[in-house]
Amino acid sequence: MKETTAALNQLRPQSAIQAEQTRAFIRGLEQDAETYWDMVQVGDELSRDLHMTPELIILYADGVEDFNPWYEAWRMNSWHIPGESPFGGAIVPPLLVSHFILSVQFDHTRPFAIGSIHTYHDSEILAPIPVGATVRITTRAVDKYEKRGRRYVRHEADVVDADTGTHYFHETRDILSL
Amino acid sequence: MNQRADSEFPSVRITRDTPVGYELQPVKKRAVIQLMGSRLWGRFNPNHWDPDYADSTGLDAPIQTGEMSSAYIAEMCVNHFGADLFRNARIVCKYIASTLANEVITTHGVVSAKTPEGDGYRFKVEVWCDNEAGEKKTVGWVEVSVGG
């Protein structure tokens, strides 16, 4: 182990049992995994619905330390609240749905190889998403290409309201596959 | 109605009068390994949170998901564009280098163009993130319609 890795481990201290739990978790992730490149064929279209619950929004926002009150429909001590934003109630952070496209563009029921990298996104934010909405994320594999010896998978994605059909979001994105 | 970006920080709000060259105020974040590896973010890939695993795959350290730096850029833009960022806006980001655990990331933005559109303007902002050494990690641009 490099000295720098040892130092980095100090950022995430673990006891012996925690270290073994970590290794077991990683072994589980690696079982029977396929690369994105092998899992995807151009033309593949997949779709899933996701409920924008207040708790989901808080988990996302806390991870990037974005404490804008517009996103809060859950607050400690009060719990569920309507929230407030320029659009009335609480709304979803502008790029939140982009983060969940990965869960749709590859068959989530099959383990995929860890180690691929998201490299690019072109995101159009068309309308605010109210917290509490259920969105339908639809992805289409539009290209697989190689550049400088690396393999990329390109998808287009649309996010609409599952109940009203309101078009909230469109994105083109690339993943560098193993 | 909560108008945080409009009323609490009125001096940073981009209006139809904002000139080309205006610099957005940055947001600054440490790449905290526990946040990088939280369930909703990078837990599914130990390259995002486990130093030993990252070392075994040739990385110098666990790396953030690029989407975290995109979220930082979006936060900076909400501070300046408020509600306008949630309607007919565009954010384009390219991840040109990895953000490593424990680095401090700063966002940047400069208004590069404003084009008349209806009664207002379509603003274009060049955006990027860099670390303490000034090494760029994410580059891109944002377009937002203001005052239309």
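Predicted model: local features only at pLDDT ≥ 70, side-chain atom pairs only at ≥ 80, totals over all residues.

Modeller: Happy to! Residues are numbered from 1 along each chain as its sequence is written, while chains are lettered from A and ligands numbered from 1 in the order in which they are written.

That pair belongs to a strand pairing: β4(A) and β2(B) are joined by six bridges in the antiparallel sense. Strands here (E, at least two residues) and helices (H or I, at least four) are DSSP runs numbered from the N terminus, and two strands pair if DSSP finds at least two bridges between them.

Now step back to the whole sheet. It is open and antiparallel, with 10 strands in the order β1(A)-β5(A)-β6(A)-β7(A)-β4(A)-β2(B)-β5(B)-β4(B)-β3(B)-β1(B). At the edges stand β1 (45-51) of chain A and β1 (28-30) of chain B; each has a single partner strand, so one side of each is left without a neighbour in the sheet. From one strand to the next, the twist averages 20 degrees (axes are lines fitted to C-alpha atoms, for helices over the stretch in contact, and angles run from 0 to 180 degrees between N-to-C directions).

Within chain B, strands β3 (residues 104-117) and β4 (residues 120-130) run antiparallel and share 11 bridges; B:Ala113, for instance, is partnered by B:Lys124 in β4(B). Helices pack on the sheet too. In chain A, α5 (residues 96-105) touches β1, β4 (117-125), β5 (134-147), β6 (150-161) and β7 (167-177), its direction making about 70 degrees with that of β5(A). In chain B, α4 (residues 66-81) touches β1, β2 (89-95), β3, β4 and β5 (136-146) of chain B together with β4 of chain A, at about 50 degrees to the direction of β3(B).

The contact between the chains takes 43 residues from chain A and 47 from chain B, where two residues are in contact if their C-beta atoms, placed from the backbone, lie within 7 Å. On the chain B side, α2 (33-36), α3 (51-56), α4 and β2 each give two or more residues, and α4(B) gives the most, with nine. By class, that side has 23 nonpolar, 13 polar and 11 charged residues. Ala, Val, Leu, Ile, Met, Phe, Trp, Tyr, Cys and Pro count as nonpolar, Asp, Glu, Lys and Arg as charged, and the others, Gly among them, as polar.
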